Amino acid sequence: MEAELVKIIAIGFIMGVGTLGPAIAIGLIGSKSAEAVGRNPEAAPKIQTAMILAIAFAEAIAIYGLVITLILKFVA
Amino acid sequence: MSEISIRAEELFSIAHWPITNALLLSCVALGILIIFAVVLRTRMKMIPGKLQSITEIVLEEILSLMDSVLGTRRLSETYLPLIATIFLFIMTSNWLGLLPGVGTIGLKHVSEGGVSSLIPLLRSPSSDLNFALALAVISVLSVNIFGTLVLGIKSHISKYLNFSSPINFFIGILEFIAECVKIVSFSFRLFGNVFAGEVLLTIIAVLSPYLLPLPFLFLELFVGFIQAFIFSMLTLVFISMAVQEHEAH
């Protein structure tokens, strides 16, 4: 298998598997924070801030995979 | 596609210091923020005009958001300059990168292979890893310096070098590694989001230039604001963790 083919397969694999974890994580974070707001609507601003922070952390993991993919495609 | 490159292209150099297109646009963002600040300062009145009112509302919102994390208004006012600067600089840079002409107007360049490509004159500053890396280093250094200033050198170093027991020593080493990883995580979050957005906009514009880029431009607007917000909020949370008294385990 030549290098070009392996690169393309690697790009697809990284994006496919690498976004699985963060997607599940963001879904869990969203559902838990919606539940928390439903139980205590007064604390909604605090919960929202914490939720946005946690979602940014989880999304950063997906971005790591995206950066590797972009490097593979456009630089190497 | 020859126009997409991870490195910001160098336009010219001033005595061996390369000036890239991302550096140029970040200087433009700097100029805009400075002019805005100077105009506000010289026109400050007791009965505020429109611009001053809007700025006061925005500052009040940022201060109350920081209050919910730090606890007291006095602490918020101490750390407001750093947090608000990071937020405003990143947001202005991200939004300036969406203007028409940025990334499209440039110089023609013929590489060795005979392939002619375009070097844009202006490019979104956050799509250059150096910009994000510099801000991340400043952020993490400021967190540690603030912690040292408030708690004292001994107390701050004891977070990382703790000889009371083998487990605590190991945890101290892990904390130090976590600080270094924070630099990487900060920079790659900002760089990855903005660079990926740029690549996305370029490809959508190539596929279908009419009407279809609109929702993606809205997405980029939103992402630019959110990434600036996340960067400053994370810095704020780390400062609040470094500044409060270290509770006994």
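In chain B, helices H4 and H7 are roughly parallel to each other, because their axes cross at roughly 25 degrees and an angle under 35 degrees counts as roughly parallel. The axes of H4(B), which covers residues 129–151, and H7(B), which covers residues 213–243, come within 8 Å, and their crossing is right-handed. As with everything described here, this arrangement belongs to a predicted model.

On the H4(B) side the contact is formed by B:Ser139, B:Val143, B:Asn144, B:Phe146, B:Gly147 and B:Val150, which meet B:Thr235, B:Phe238, B:Ile239, B:Ala242 and B:Val243 of H7(B). Sorted by class, the residues of this contact are 7 nonpolar and 4 polar, with no charged residues.

## Chain B as a whole

Chain B contains 7 helices and 4 strands, and, read from the N terminus, its elements follow the order β-β-α-α-α-β-β-α-α-α-α. Its C-alpha trace spans about 65 × 55 × 40 Å along the principal axes.

Of the 249 residues in chain B, 25% are buried. When contacts in chain B between residues at least 6 apart in sequence are considered, 64% of them join residues at least 24 apart.

## Helix H3 of chain B and its two partners

Helix H3(B), residues 73–96, packs against helix H1(B), residues 21–42, with axes that come within 9 Å and cross at roughly 125 degrees. That angle makes H1(B) oblique to H3(B), and H1(B) passes H3(B) in a right-handed crossing. The residues that make this contact are B:Leu25, B:Ser26, B:Val28, B:Ala29, B:Ile32 and B:Leu33 of H1(B), together with B:Leu88, B:Phe89, B:Thr92, B:Ser93 and B:Leu96 of H3(B). By class, the contact of H1(B) with H3(B) has 8 nonpolar and 3 polar residues, and no charged residues.

Helix H2(B), residues 50–70, also packs with H3(B), at an angle of about 120 degrees and with the axes 9 Å apart; H2(B) passes H3(B) in a right-handed crossing. Here B:Ile62, B:Leu63, B:Met66, B:Asp67 and B:Leu70 of H2(B) make contact with B:Arg73, B:Leu75, B:Ser76, B:Leu80, B:Ile83 and B:Ala84 of H3(B). The residues of this contact divide into 8 nonpolar, 1 polar and 2 charged.

## Loop residues with positive phi

Most residues other than glycine have a negative phi. In chain B, B:Ala15 has a phi near 50 degrees, a positive value in a residue other than glycine. The place of B:Ala15 is in the loop between strand E1 (10–14) and strand E2 (17–20) of chain B, and B:Ala15 is exposed because 4 other C-beta atoms lie within 10 Å, where 12 or fewer count as exposed.

B:Leu211 also has a positive phi, near 70 degrees, and is likewise a residue other than glycine. The loop that holds B:Leu211 lies between helix H6 (166–207) and H7 of chain B. With 7 C-beta neighbours inside 10 Å, B:Leu211 counts as exposed.

## Chain A

Chain A has 3 helices and 0 strands, so that from the N terminus on its elements run α-α-α. The C-alpha atoms of chain A fill a box of roughly 60 × 20 × 10 Å, taken along the principal axes, and the chain has a radius of gyration of 18 Å, whereas a compact globule of 76 residues would have one near 11 Å. Of the 76 residues of chain A, 7% count as buried, and residues 24 or more positions apart account for 81% of the chain's contacts with a separation of 6 or more.

Within chain A, A:Phe13 is placed in helix H1, residues 3–18. A:Phe13 is exposed, with 11 other C-beta atoms within 10 Å. The C-alpha atoms of A:Phe13 and A:Thr69 are separated by 9.6 Å, although the two residues are 56 residues apart along the chain.

## Where the two chains meet

Between the chains, 13 residues of chain A are in contact with 16 residues of chain B. The side of chain A that touches chain B has, by class, 11 nonpolar residues, 1 polar residue and 1 charged residue.

Methods
Residues are numbered from 1 along each chain as its sequence is written. Chains are lettered from A and ligands numbered from 1 in the order in which they are written. This is a predicted model: local features need pLDDT of at least 70, side-chain atom pairs count only at pLDDT 80 or more; totals for chains, interfaces and linings use all residues. Two residues are in contact if their C-beta atoms, placed from the backbone, lie within 7 Å. Ala, Val, Leu, Ile, Met, Phe, Trp, Tyr, Cys and Pro count as nonpolar, Asp, Glu, Lys and Arg as charged, and the others, Gly among them, as polar. Helices (H or I, at least four residues) and strands (E, at least two) are DSSP runs, numbered from the N terminus. A residue is buried if 20 or more other C-beta atoms lie within 10 Å of its own, exposed if 12 or fewer, and partly exposed in between; C-beta atoms are placed from the backbone. Axes are lines fitted to C-alpha atoms, for helices over the stretch in contact, and angles run from 0 to 180 degrees between N-to-C directions. Angles under 35 degrees count as roughly parallel, over 145 as roughly antiparallel, 65 to 115 as roughly perpendicular and the rest as oblique. A crossing is left-handed if the near helix is turned anticlockwise from the far one by less than a right angle, and right-handed if clockwise. The radius of gyration is taken over C-alpha atoms; the globule rule is 2.2 Å times the number of residues to the power 0.38.
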